[in-house]
There are 2 protein chains.
Amino acid sequence: MESLNHSQITVMFLSLGLLLATARLFGEIAKRLHQPSVLGEILAGIVLGPTILGQIWPEANLFLFPLEGPNALMLSGLATLAVSLFLLVAGMEVDLSTMFRLKRVALIIGITSIVIPFVIGFGAAQSMPQLLGMEAGADPLIFSLFLGIALSICALPVIAKILMDLNLFRSDIGMTIIAVAIFQDLVGWLIFAIILGMMQASNGDGHGMSIGMTIALTLGFASFMLTVGRSVIHRILPWLQAHTSWPGGVLGFALGLGMFGAAFTEFIGIHAIFGAFIVGVTLGDSSHLRQQTRTTIEQFISFIFAPLFFASIGLQVDFFSHFDLKLVMIVMVLACVGKTLGGLIGAYWAGFPRRQSWAMGFALNARGAMEIVLALLALQYGVIGEDLFVALVVVALATALMAGPLMQLSLSRKQPATLRKYLTANTYLPELACHTRHEVIDMLAGAAEPYADMHGNSLANLVHQREQIMSTALPGGLAVPHARVPGLKQPIISVGIIPTGVDWDAPDGRSTKLAIMVLTPEKAGQTQLELLADIASTFSHAPTMAKAINCHTYTCFLAALNTKPHAHEPADIPVKVEPA
Amino acid sequence: MESLNHSQITVMFLSLGLLLATARLFGEIAKRLHQPSVLGEILAGIVLGPTILGQIWPEANLFLFPLEGPNALMLSGLATLAVSLFLLVAGMEVDLSTMFRLKRVALIIGITSIVIPFVIGFGAAQSMPQLLGMEAGADPLIFSLFLGIALSICALPVIAKILMDLNLFRSDIGMTIIAVAIFQDLVGWLIFAIILGMMQASNGDGHGMSIGMTIALTLGFASFMLTVGRSVIHRILPWLQAHTSWPGGVLGFALGLGMFGAAFTEFIGIHAIFGAFIVGVTLGDSSHLRQQTRTTIEQFISFIFAPLFFASIGLQVDFFSHFDLKLVMIVMVLACVGKTLGGLIGAYWAGFPRRQSWAMGFALNARGAMEIVLALLALQYGVIGEDLFVALVVVALATALMAGPLMQLSLSRKQPATLRKYLTANTYLPELACHTRHEVIDMLAGAAEPYADMHGNSLANLVHQREQIMSTALPGGLAVPHARVPGLKQPIISVGIIPTGVDWDAPDGRSTKLAIMVLTPEKAGQTQLELLADIASTFSHAPTMAKAINCHTYTCFLAALNTKPHAHEPADIPVKVEPA
């Protein structure tokens, strides 16, 4: 069998290792800056690709990522595999039952927020194709359809993440936004699959099937999988869990089925990713898919395959030389106006108050990974040029970044305060050798003193006063002494660990080993509640508590907090959408 | 960038889906028959490859798995990636501290059981190279070195699995066997890496490095990684867990590092897998690598990448036409004699009693995945021919299959009895509407009646008598009424679920919702204890219990048992070796 030779294998491992490491690094940095990690992953590809490395050291760029030959084939094949697996996971996020439960509202808003941006995009493309960067020789109809759908698609995972960040996920408006996004994902991808069929047909990439046949088979496949396929899978999964080794049986089944779906849709003339996506929807919808299996698939694919794919996007194009500011601005305005108006009008029509309707429009305007996948395909099929590709990637990322702040503004909602935000190494006291809760509070107040405009004793007195009303000990060995401090600017949190434990009059009678003092500004009642709630919920997770009280270093304590993902800091892309 | 075209992508997904699905299916069947799943995975490739599909439908075989072109390159690149990731995981199984703790014994047995089979293999290859299937034109020295090391290598994961099956894993002899196997893995792979360097040099696959340089760099890399690299990684991991998103940070770090290691060793002229293996050893040895991260990596790689790689082995060669019985027999005898003698002599020397020394020899004789990886490389470098390749694969699998039964024989140890073994659908009674434990026992005895030569009332009376001595209820809602029944041939287990619960005088005062009656032959005291222990341990896992008592069907009940992997039914390949 033909195989890679020695130096090609070396290059393969070196380039994959570099792509993965850089993508993960930049992804982490993006998350630190409260941005979606896909932003960092694409940036990693831009750094390693023709845009930056190709400019400063073209030989290294071409050595690592040659444009042709076995290594180019291998990387492109792997990227195709990676994006299909990513779409499988994205499909698994789609919870059809949420959509069905809110079907009237989801239908109204779903339709307006697809139709309005589609019409705007289609119209703009028809009236000014050259200005919008249609490739010479591309079919104007296909180009217009593409731009219409590119402006109508939204990004379910990005939206779900933003709603969680804003603590809105399980609210009325949150669930409606999710239902609409699910509807749009399904319909949008179906329309896109049909346009893809047309692109392939016009591209003459002879799969020997008429466009009518392709459309019929696409619709047939989607409806078959979502009805018959779905109920068959619901029966097979419990059998697999009972009779095969866990989780290998289900894992192999899910990925194998995803690949067959990908092969089928590629065969009928649309792209492999559509088949993987539909298989993902039918799989993820099953309550028989155990949470842990889901997690294994999602973690590996979103942290390994997705970064590889998104980084490979940056390798395709020189983002500097193809950055056309005028084009970016035009696409940006078209995209934002169409989608925001679509969501706003639909929500208002469906009976939502004005502020929430705006929030709906801003939320649906968030694009992201999906838009980029779509633009990449159009580029590969020669429907759009590199300038428009770069513009679409920029718009996809910019709208994802804007959505959160704009929704906050429209709902005037802030992110809840969290323990981690106010932790510092200087107010972390491991191994307190105290014998009473009074002593513990004095020590914690002393540590907080440098950060308050007040003497430690006065801080301690405020906390003691609160403690006299009722003990702040919670079950499980945690106490949260707290007070509102006049004149304080910022909340102060100090953490004490008492290995021997002290009696804190706890409801479960256990001695207290972890005391976290929360000092908040006098007027910040809401912040205080949020901090206390965050602390209680974090340490109600027994393994977190067990790990935390055995820590001797601040790093160890931070790692303990990381034991359980916070409800509002979920994994970046795959967020399972569950009914409230 | 050069990329796969439409029909190549279709073939890629179709072939990968088929390989994965068939490999997993055959792997599951192998496990059902208590065989290692690697056996089934290789068989899947044999079925889809030239041996079977190629004979009955050559066009389909060539369409799916072409011998050259982009699809062949893609598949071979993916197989190289998969085997390197598999070696990364195999390296993670290596627990250096176990080896260091038992260093004297591990060293003695490790050396005898490498030197003796190596000398036998080397001598045989020198004296009868043609008979053993040396390729014309291959260097006799390299061939002899290869055969020597091929006969000396053992398979840590296979051995660990067998020890767990026999409940010997945490025994003295078990831990010693593991320590020896770890020592052999490290030393054997190091020697093999050097031979690989020689193969590449003689193969003229011009990486432009002298063999001396390759050996020096290999030894340097291994010692650097196991000392400096190891301590740096031990410091980086806790930082990553504390400061990056979980588990993406560690996952990306582990895989990225594995790929850099692979690229480096491929570059210096030995194979990529060696670098991945050494990185795996340094990573897996760290107590900072959290169990769950380890599990995610292991599950995805052992259930997706490893099956893909092992199935691809069957695609390489026609196993029927290259099956040479005489050669297989010769290699088999050489392999078994050398390795068993090596282990036996070493163990006896180190002070083990005779029976345990034999067990050591039989255990170390188990080969498996590693031997096959090694043979494949020798085939690819033209050192051995297809006949010897097939013989080595057969010997690898046969010795893995023999090891368990032979160890049982030498230690006269049987597998412990388990609940699952004696469960039947006919003795499963969901939704018992009983109000007293007396009624429950009568119902369960009635269900057991057809399988015993005794009336149900008499069975029930035996159980009631035992119950009068002391209640058999355990905490958590489980009761295990039991009795030894004169004249019974086989244990009988009947299961009753009582949704409303009955009072069983339980130590925690809770009512009993699950009653499992255990009837054993009069003399089978050990079996009874093993069954009761298995039942108690299975349902002490709260989620298993919760799932079990909500079941209405037998399938659901089996699935509930599957919620937690049994201690003696671990995942097939990745078994973490931990000190007792």
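1. As for its surroundings, Asp505(B) has 13 C-beta neighbours inside 10 Å, so it counts as partly exposed.

2. Glu431(A) is not a glycine either, and its phi is positive at about 55 degrees. You'll find Glu431(A) in the loop between strand E1 (428–429) and helix H20 (437–448) of chain A. Is Glu431(A) buried or exposed? With 11 other C-beta atoms within 10 Å, Glu431(A) is exposed.

3. Now step back to chain A as a whole. The chain has 24 helices and 6 strands. Its C-alpha trace spans about 80 × 60 × 55 Å along the principal axes. A compact globule of 580 residues would have a radius of gyration near 25 Å, and the 27 Å of chain A agrees with that. Of those 580 residues, 58% count as buried.

4. On domains, chain A is divided into domain 1 (80–411) and domain 2 (419–561). How far apart do the C-alpha centres of the two domains of chain A lie? The distance is 45 Å.

5. Of its 11 residues, 9 are buried, so the helix is largely enclosed by the rest of the structure. Among the buried residues of H16(A) are Trp358(A), Met360(A), Phe362(A) and Leu364(A), along with Gln356(A) and Ser357(A).

6. Next, the pairing of the chains. In the interface, 66 residues of chain B are in contact with 67 residues of chain A. On the chain B side, helices H1 (6–32), H5 (70–93), H11 (211–243), H12 (248–267), H14 (291–316) and H24 (554–561) each supply at least two residues. H1(B) gives the most, with 14 residues. Sorted by type, the residues of chain B that touch chain A divide into 34 nonpolar, 24 polar and 8 charged.

7. How are the copies related? A rotation of 180 degrees, with 0.0 Å of shift along its axis, superposes chain B on chain A with an RMSD of 0.2 Å. The two copies are therefore related as by a two-fold rotation axis. The contacts fit in here as well: 100% of the interface residues of chain B are also interface residues in chain A, so the copies meet through the same surface.

8. Finally, confidence. For the complex, the predictor gives an ipTM of 0.73 and a pTM of 0.73. Chain A has a mean pLDDT of 84, with 94% of its residues reaching 70 or more. Which helix of chain A has the highest confidence, and where is confidence lowest? Helix H15 (residues 325–349) of chain A is highest, at 93, while helix H9 (residues 156–165) of chain A is lowest, at a mean of 73. Over residues 565–580 of chain A the pLDDT is below 50, although this stretch has 45 contacts in the model beyond near neighbours in sequence. Where pLDDT is low, the predicted coordinates should not be read in detail.

Terms used: Residues numbered from 1 in each chain as written. Chains lettered and ligands numbered in written order. Predicted model: local features only at pLDDT ≥ 70, side-chain atom pairs only at ≥ 80, totals over all residues. Contact = placed C-beta atoms within 7 Å. Helix = DSSP H or I, 4+ residues; strand = E, 2+ residues; numbered from the N terminus. Nonpolar A, V, L, I, M, F, W, Y, C, P; charged D, E, K, R; others polar. Least-squares fit on C-alpha atoms with pLDDT ≥ 70 in both. Buried ≥ 20, exposed ≤ 12 C-beta atoms within 10 Å, placed from the backbone. pLDDT = per-residue confidence, 0-100. Domains from an automatic or database assignment. Rg over C-alpha atoms; globule rule 2.2 N^0.38 Å.
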